[in-house]
Amino acid sequence: MKTMTSKLSRQLLCLIVATFAIIFIALGVIIPKVLMPVAEENIYNYLREPLELIESNTKTDLLNTEVGYLYIVNDSIVASENIYDIVHIRDPKVLVKKLTDDYGKFVYQHNTYYYYTIRKNAVIKVAISNDTYINHTKAKILGAILPIVLITFLSISLILIIWSGFIVRKIEKLKNKIDNIDNDDYNHKVDFEVDDEMRSLALAIEDMRISLKNQEEYRNQMYQNISHDFKTPLTVIKSYVEAVQDGVEEKDTALKVIGEQTNKLEQKVHSLLYLNKLDYLKNSKDLNIVLVDMKKILEDEVSKFKFQRKDIKFILDMDKRSKYYGTDEHWETILDNLLGNFMRYANTTIKITAKYNKIILYNDGANIDDDLLNGIFTPFRKGIKGEFGLGLSIVKKTLNMMGYDIIIKNEKKGVSFVITKGIHK
């Protein structure tokens, strides 16, 4: 966890340094360029205002300040005493040639100079200054902006550091929670007060922990049920083998019982393998869902089961307009499991209705207890008469894989299994 904290701290420090560098570049390079037009406009105003006060061509009338002045009448040029301190051009005529517009700037020997002229009655008055004023103006603006920016930057950095501390502590709690996800003695309570993404993540982790715990309990229960379901026929087989060895049971009788129990074991193993196969197929793109001939499939299934119990009456009612999708193999597996279940519990009647794109399988046996209806499709869940099995779980998963769903309804007399179209795969 220290490594994670260290990495986050380094990342935050790099972010702050990078932000500071961007601000420094903005203040030192970009902002001065942006401010240059404003500063130049200020210096032209600064040059124009005192120039309007000059009314004569005598040197005493010229203002001797940080700005140099020229008074031009015809070919006569009068310059202020400080003109050569400001502009390093000794010849006034050369200087005048640089003044090409009413106002502007020119560069001489790598120095920049600004000027402003007023023309009135054949008299030209010129004010000239170097870039000292404009640099001073930019420095004043930067001096005003810089403290505000630095204070703002430091405040934001402090807020980020405090906020990152909270985030790091939350991440530490989440990591500790994940490290102890299978530790029931650990305090897994989510105590994040702020309803943000971190709290949502903590709740999701808690939901996952509970789900994993339930799955673990379910697996343990399922293993116990599988062991019990497989142990019973194995115990019968073993007992009959010992009985034949001890001479207390005839071989023919023992072989018959052993064959029956072996078939049961084979069916259970086949069902378990098929259930695992369904888990693979539901994520596979190889499943070819097509329109099937449900009338033929139902008639074949009825023909298969109707001779197992001659006291059962089969009723088949279906329309030709309904359409059903899937594969013949999977629908046969579904109906085999459902009708095999019905043959054990029906009293006198099994009815199959296939209308309006829905299939209803009904038997007039006893109702199913409400306690058993909840989770009846769970593999190896103890079912009716305390039996374990995979049949209904196979039915549910196969239907879901083909885009169908199934529910069980207790009728006034009997039980209905209703297959309807769900979300297509």
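Author: A salt bridge is a side-chain nitrogen of Lys or Arg within 4 Å of a carboxyl oxygen of Asp or Glu. The structure holds twelve of them. This is a predicted model, in which local features need pLDDT of at least 70 and side-chain atom pairs count only at pLDDT 80 or more, while totals for chains, interfaces and linings use all residues. Residues are numbered from 1 along each chain as its sequence is written, and side-chain values use heavy atoms, with hydrogens and water left out.

Reader: What makes E206 and K177 a salt bridge?

Author: Their N to O distance is 2.5 Å, and the limit is 4 Å, so the pair qualifies.

Reader: Why is E299 called partly exposed?

Author: Buried means under 20% relative accessible area, exposed over 50%, and partly exposed in between (1.4 Å probe, protein chains only). E299 has 34% relative accessibility, so it counts as partly exposed. K295, at 38%, counts as partly exposed too. The side chains of E299 and K295 meet in a salt bridge at 2.6 Å, N to O.

Reader: What separates E299 and K295 in helix α7?

Author: They are four residues apart there, which means about one helical turn.

Conventions: Helix = DSSP H or I, 4+ residues; strand = E, 2+ residues; numbered from the N terminus.
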